[in-house]
Amino acid sequence: MSDLPSEQNADGFARLAMVTIDCADPAALAAFYGGLLGWEPRHVDDRFAILDNPEGGTPLAFGRVEGYEPPPPGNPDGSKHFHLDFYVDDLTDATDRAIALGATEPAYQHGRRLKVLIDPAGHPFGLAPLDR
């Protein structure tokens, strides 16, 4: 669970506890995203892995799904189940580092300000420069 305060928005009645991503290999995907974000694992086994957000925000988890199949690649019409976007200081450097961790770069890209990559389990994610 998150260490965030328990106060709720006046219109809400729940707090986001965790984001869990389905995959075939939770430990491998946790290692990929742990390397990408610099987050440490709280728990890792063959069925489930959790990375804690060091800034106190929502943890990121990975759960094994038997027979998992990633969404088809390269379909710009919305075949993905979800995607994560990350701000980065240097788009070229971050892209190179993500690829070194095991990401791949599909031919289809949305534009120059967002770099779409595919994680080792086949999920798309985006890297975008943080304008300061």
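On one side of helix α2, Thr92, Arg97 and Ala100 are exposed (over 50% relative accessible area with a 1.4 Å probe, protein chains only; buried means under 20%, partly exposed in between). This is a predicted model, in which local features need pLDDT of at least 70 and side-chain atom pairs count only at pLDDT 80 or more, while totals for chains, interfaces and linings use all residues. Residues are numbered from 1 along each chain as its sequence is written, and side-chain values use heavy atoms, leaving out hydrogens and water.

Let's turn to the other side. Leu91, Ala94, Thr95 and Ala98 of α2 (residues 91–101) are buried. They lie on the same side of α2 because they cover an arc of only 100° around the axis, taken from the directions from the helix axis to the C-beta atoms. Helices (H or I, at least four residues) and strands (E, at least two) are DSSP runs numbered from the N terminus.

| Element | Residues |
|---|---|
| α1 | 26–37 |
| β5 | 84–88 |
| β6 | 115–118 |
| β7 | 124–129 |

Now for the two ends of the helix. At the start of α2, a side-chain oxygen of aspartate 90 comes to within 3.1 Å of the backbone nitrogen of threonine 92.

Strand β5 has Leu84, Phe86 and Val88 on its covered face, and Asp85 and Tyr87 on the uncovered one.

Notes:
Contact means heavy atoms within 4.5 Å. A polar contact is a pair of N or O atoms within 3.5 Å; within protein, one must be able to donate a hydrogen and the other to accept it, and residues adjacent in sequence count only if both atoms are side-chain atoms.
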